[in-house]
Each structure stands twice: as C-alpha cells, then as structure tokens.
Amino acid sequence: MSSGLHPTTDPTKMGLGRSIAVLTSGGDAQGMNAAVRATVRVGLYTGAKVYFVHEGYQGLVDGGDNIRLATWESVSMMLQLGGTVIGSARCKDFRSREGRMKAACNLVKLGITNLCVIGGDGSLTGANSFRTEWSGLLSDLVQDGKITDTQAKQSSHLNIVGMVGSIDNDFCGTDMTIGTDSALHRIIEVVDAITTTAQSHQRTFILEVMGRHCGYLALVTALSCGADWVFIPEMPPDEDWENHLCRRLTDQRSRGSRLNVIIVAEGAMSRDGKPITSDQIKKLVTDRLGFDTRITVLGHVQRGGTPSAFDRILGSRMGVEAVMALLEATPDTPACVVSLSGNQAVRLPLMECVQVTKDVTNAMAEGRYEDAIKLRGKSFENNWNTYKLLAHINAPDVKSNINVAIMNIGAPCAGMNAAVRSAVRMGLIQGHNMLAVHDGFDGLAHGQIEPITWTSVTGWTGKGGSMLGTKRTLPGKLLEEISLNIAKFNIHALVIIGGFEAYVGGLELVQAREKYEELCIPMVVIPATVSNNVPGSDFSIGADTALNTITATCDRIKQSAAGTKRRVFIVETMGGYCGYLATMAGLAAGADAAYIYEEKFSIKDLEVNVEHLLNKMKTTVKRGLILRNENSNANYTTDFIFNLYSEEGKGVFDCRKNVLGHMQQGGTPTPFDRNFGTKMGAKSVLWITEKLKDCYRHGRIFANMPDSACVLGMRKRELTFQPLSELKEGTDLEHRIPKTQWWMKIRPIMKILAKYDIELDTSEHANMEHVIKSPLGK
C-alpha cells in the first residue's frame, strides 16, 4: 500500500485547514525535542496549525492551558536540549474511559484530528486504543451535550502517528529508537572513565545499565568496550555460568589484562527466571577469585545530557515523515509508527510492531531465547553473534597456514582501531596468522610488517586515531616492492582500512594484477574516513565521531551568541569535496545554510541567505549559523563568505568565523563507530576466509576475478561486498566522491527547518511496510 503522493501536490498547502497536536509521553529520551521541533516546523510549512500538548496524556485530559498553539520561534534552541521541553507524565486518568472522553472533548473543541505521539510502546498502544474508540467517544460526548453534531462531524476521524522515543531500543520494527544512541554516549563516557581507574588498581568493574526487558544497551556497550561478559534478559547464561565466568576472568588476567569489565542489563535473569543482580555477581567474583570488585549503577545518567548528532538527525527526519504520514492518512490507514531502517525512513503499522514487541517478552517467558533474539531484529542478532565470536578466544586446534595482512591508509579517524581489533581477533579464531602492516602502502613496500596477536589489540576499541600508523601514499609507484614483500611474507589476503586512498589504492593493486601475479590475492577495503566519501558505502567508520565533534562545537558557538544577540557564525568543516559533514552537522546543529560542492551555489544564492538572516534578526531568534564545506567553492572561500555577510549585515548583525580543522579527525570514537568498526572488521575476515576457499587451486591461492577485491559497505539496510572495479563507473575520481549520494535527498529538510520557502519533493515518501512476524525457519 503506497502512501507516496503525486509529485504535483503542493506540500506547502497540504495542511491547510488541518490541525496537528504533538505530545511526548512515558519516559523521556534525548532527541525528543528534535522530533517536536521538526513536527512543529514541518506542520507550519504545510500550512497546518500545530499545538503543543504539555505533560503528555495528562495534558490531553486536563486541556486548558496544557494545549497551546506552537509557533516557529517557540521551538528555537530546543535541538541541543536533552529530555522533553513540553514535559511528559505517566497518566492514570487516560486509562479510564472517562479520562479519554475528556481528552477527545478537548481535541474536538480545538478542531484537532491529527495526533503525533512520541513515546514508548505503552504510550503508542494507548494512542491506538484512543483512535479505535474515537467514534464511540464522540457519540457519547454529543449525547451528554458536551459537543454539537456539527463538531462531531468535523472531527469524525482521528489520525495517529507514533515516533518511538525510548533509550532502551526495545520497540520491534525500528533499528534505532530516539534516545538510544545518546544513552550509549553517556554509558561509553562512563566506561572509558572507569577503565582508566580499574587498570590502575587491577580491579573488576560491574556496570549496570538500563534495560528492564531489553538488553540492547548492555549488548552494544559490551561490544563497544570489549567487555569480558554481558548479561542480557533475551539470552540468560547457561546453567554452569558461575564457573564459566570465573574461568574467563582468570584467563584474561593470566594474559596480562589488568582489568575486567562485566556489563549487566537491569533485567538480567538466569534460565530459571530468577534475577541476576550486580551484588550477586560481585559476591561471586570476590568470594571465588578474591578480585577487588566494584559496582557502578548508571541509573538516570543514561537518560540525561545533550542528544547525540544521530538522535537529532533521527528525530528531525522522523518529525518530517510523521507530518507527511498524518496529512496523507485516510480513515482506512492503520495507525503507523515512523522509523529508520538502515538510512531509509519507513512507516510501519503500529499494532504489528507492538505485537512483535510482545512476542519477544512471551518468547523470553517461555524460555525460547533464540526466538527472542531473532524477533528483536537483524541488527540485534548481528550484535549478539559478533559479541559471542569476539568476546573470548576460542582458537581452533588446527591452524589454516593462511597469512592475512591488515593496514590503515589515508588520514586517521576514530574507529579504525576497533576495525583492526575485530579483524585480528576474527582471523585468529579462524586459525589464520595475522600480520600488521605499519604506515600504509609505504610500510608494505618497505617491509614494516610483523605478526599481531590477540592481546596486542586489547583495549583498541576505544582508542582514537590509528595505532598501526597510516599514510596517504598510493601503491602505484611502489608495485615492484609491494609484490616482492607479499611474496616474502607469504601474504595470502589483504584487509585495507581507510578513506578514499584505500579505495584508489585497492583499485591500483587490482589493475596491476596482470603484471604482478603476487597481487592475485583476495582484498577487502573497509571505508574509514571522516569525509564519508568512499564509493560503495553509505557510511564510513569515523564520520559519526567527526559529526558529533562538529555538532558539539556548533552548540557552544551558538550558545556564545545567546548573550551578544544578533550574531552570525560561519563555520568551516572538513570533508574534501564531500558535503556529508556540513549537511548532517547543519541538520544536527540547526544551521541556516550549509554550502557544499555537490550543490552548486551562486552569488544570487548567497544574497538570498543574507536576506534570510536579515529577516531572522527581526524575530526573537537573534543568531545565525552557516556551515561551509572546505572545498565547496574555489572562489567563494570561507573568508569571502565571512566578508560578504559582515558587509551586508552591517548595523543588523555582526559575524565571526571558525575553522574547525583537525579536531574533527581526533577524539575517542563514538559508540556507533566502535560498533560499526567492530562489525565491519569481523565481517571482512569471514568473507576473506570464504574467498580463500574459492581461490585455492593446485595447492596455491590465485584470485584474479573482479569479485575477489571488494569494498565492504553499508548499503541502505545491509552490509554488502561490491567489486572495486565495478564501483569505478559511479565514482568521480577527480573530486574523490561517489556520483550519487543518499544524503543529498535530506538536504531540503534542513532548509525547511531553517524556514526557507522551498519545494519538498513528496513523490518519494516512505510506503507502509510490514514487520516480518515470524523469523523462525529463516
């Protein structure tokens, strides 16, 4: 069933005569404000009236001052705030029919027939039952004389759209719920701080994270910090877990590790359904092993703080999709939730998602743990499988006699080390010998190659930069030396982790296969660069960390203008010719414009932007933020734009400029980059192992087919391998960017949220999809 509109529909008139109310309910989550802001602004853009409902369902029941008209300015400076500005409350009144009648009466009187609910599964289920009994409520209200027949006719149908705001990521059908990524940021900050003190004293730390019925936070934290053990409700440990845990901890210590980390979800339980508490684990470790053990319960810290860049973008994109879904809904459309799958916005029937979420709880209660993990979705299952493989060394008895070399190419970025660590460990588990190549292709040519072991990559997940060392040198002029060293060190496969140079370098090696037989080995390129410009992948390792750095800096810059008023900041971002960072940071930081190479701009566009800011300064919002990608235009430089704005804004606003520079490449990796790097590293080595079997002929390895040298990339919804040679056609090699880039489609959202009067292409809106009910037997 398609909800795509005919392209001729004018989006700025879609909402005329309609009213939308937005409320946040249940537990708060970082990023809810971004969703509220986007819902309000896109609603106003379509010509609709938009109302805030303060204090969740309680405000809906109490009415009066709790339901207020929203304006464009009323959602300004909300983007970087955690929690929910419009308040949330648990509401008993709404559970009774009497309470719901009051709520219906309040909505009808204001002519509101579209409700956008941001909350967890309880809040969304409540919204659905409200919608189901709507006509019954109206007829009762007419009977009681609370509303007139005409009012009832005008509001005969209630449309509901949900956005899932929950830090637990416990709602099935959605890859990520609003708030999850920010909660992981809080947890990882704590884990990083704790590991430093634990190492000093050789301690064991038990960290308890939120997740009463869902172990997502615990699982991703364990993956992101290389924890020794994780307890999650979906998969209780085996019967003999106490002995197993103690064996694992002592084994880690005997390998030279100075600390142990155990992650516990608050809902963790044993196979017989009894809770497993942090105190119980501490007693076990202290009594049996005598280790100095400490417990840290993170509690509400996880809900707090500023939202991550991902949550702001997620909230903003969901807000746009929610308004479109509401305005396109008919009485026959089921209530839906808007969500992200990969990087695609999707709409899913609300009650299907709720049902699958309940199925997980039932599966856990009935002891069908494998089913519970499958029902949680592909992303959860992948995380679990990767964790199981990498958590502890289970080296095979038989060695494969295969040597796999790993190298970093190009500029360093956060998350590279996580990919190296998981590739090394996965290789060792497969029985291969792993070799580290230092300083990129230079090192490969000059023999800077040495074995790398399980313990040598301990603790690498959370380290920024490149531990192996990296250079931008391409292999073209070093092919002779490289092929000699591949023969000398008997290298059978190559994992290349890096940016655009890694892709081009891999391509040069493939093209040289005709001349140098030594290069006929399987190769895989893992995209790792802040610029996110590697062909074959929608995301690169390192881009999320850079994006959060830029966003946090823009927040501070905007805040500095709060006191001075009437100030415009011009901020220059990295990215080469790729405008990903400038665009996404623009969306996450609430920029007024983002200049990029891919979207050509002229002096007329600059004039429009200046005019827009001059008008903005007349409102209550007296600051502006302009982002410019470093290579967006050779003549309209950052200095030029700064001078132009300074001159044109004289007497109205003054300007400041900031060039962010190399701080964008540094820092510790974000949870996303740690997790993404870990999964990519592991998957690349599993692929190589299979490829080596295919390429083994007459007692030696010979790989010369195009599909033996691939880029491992995230495409839409899954990790895929694409031959380097096939990607060449879709790549602008001169400007080092792919010819088509998915994120260009979300640029208009940034402009609409900054109050530009532009066309939003509504022809490509998400269709209603279905949740795959039973994953069993797949």
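In which helix is the place of Ala682? In this predicted model, Ala682 belongs to helix H23, which comprises residues 671–694. With a relative accessible area of 4%, Ala682 is buried, because a residue counts as buried under 20%. When residues up to four places away in sequence are set aside, Ala682 touches Thr386, Ser422, Ala423 and Met426. A further relation concerns Asn417: 265 residues separate Ala682 from Asn417 in sequence, and their C-alpha atoms lie 13 Å apart in space.

The confidence of the prediction is considered next. The average pLDDT of the protein is 91, and 96% of the residues score at least 70. Over residues 1–8, however, pLDDT stays under 50, and the model has 17 contacts beyond four places in sequence for this stretch. Residues 773–778 likewise have a pLDDT that stays under 50, with six contacts beyond four places in sequence. Where pLDDT is low, the predicted coordinates should not be read in detail.

Between Val164 and Glu381, which are 217 residues apart along the chain, the C-alpha atoms are separated by 20 Å.

Helix H3 spans residues 97–110 and contains 14 residues. From its first C-alpha to its last, H3 reaches 20 Å, close to the 20 Å expected at 1.5 Å a residue. The buried residues in H3 include Gly99, Arg100, Met101, Ala103 and Ala104; Cys105, Asn106, Leu107 and Val108 are also buried. Among the elements that cover these buried residues are helix H2 (56–62), strand E3 (67–69) and helix H4 (121–132), and the cover also includes helices H5 (134–143) and H6 (149–154). Gly111 follows H3 and has a positive phi, near 70°.

In helix H17, which runs over residues 479–488, the residues Leu479, Ile482, Ser483, Asn485 and Ile486 are buried. These residues lie on the same side of H17, because they cover an arc of only 160° around the axis. The exposed residues Leu484 and Lys488 are carried on the face turned away from the buried side of H17. The cover over the buried residues of H17 includes helix H16 (440–446), strand E14 (449–451) and helix H18 (500–511). Just after H17, Asn490 takes a positive phi of about 55°.

Most residues other than glycine have a negative phi, and most peptide bonds are trans. Met77 lies in the loop between E3 and H3 and is partly exposed, with a relative accessible area of 25%. Asn401 is not a glycine either, yet its phi is positive at about 60°. The loop that holds Asn401 lies between H14 and strand E12 (403–409). Asn401 is exposed, since its relative accessible area of 59% is over 50%.

The aromatic side chains were then considered. A pair of aromatic rings is described by the distance of the centres and the angle of the planes. With ring centres required to lie within 6.5 Å, the count comes to 18 aromatic pairs. Tyr216 lies in helix H8 (residues 216–225), whereas Phe380 lies in helix H14 (residues 378–390), so the pair ties together parts that are 164 residues apart in sequence. Both partners are buried: Tyr216 has a relative accessible area of 6%, and Phe380 has a relative accessibility of 3%. Elsewhere, ring pairs link Phe539, Tyr580, Phe672, Phe676, Trp742 and Trp743 into a cluster.

Aromatic rings also take part in arrangements with charged groups. The charged end of Arg253 is placed over the ring of Phe291, at 4.2 Å from its centre. The ring of Tyr597 has the charged end of Lys600 over it, at 3.6 Å from the ring centre.

Note on methods
Residues numbered from 1 in each chain as written. Predicted model: local features only at pLDDT ≥ 70, side-chain atom pairs only at ≥ 80, totals over all residues. Heavy atoms only, no water. pLDDT = per-residue confidence, 0-100. Contact = heavy atoms within 4.5 Å. Buried < 20%, exposed > 50% of the residue type's maximum accessible area, 1.4 Å probe, protein only. Helix = DSSP H or I, 4+ residues; strand = E, 2+ residues; numbered from the N terminus. Arc of directions from axis to C-beta. Phe/Tyr/Trp six-rings, centres within 6.5 Å; stacked < 30°, edge-to-face > 60°. Lys NZ or Arg CZ within 6 Å of the ring centre and 35° of its normal. Expected span 1.5 Å × (residues − 1).
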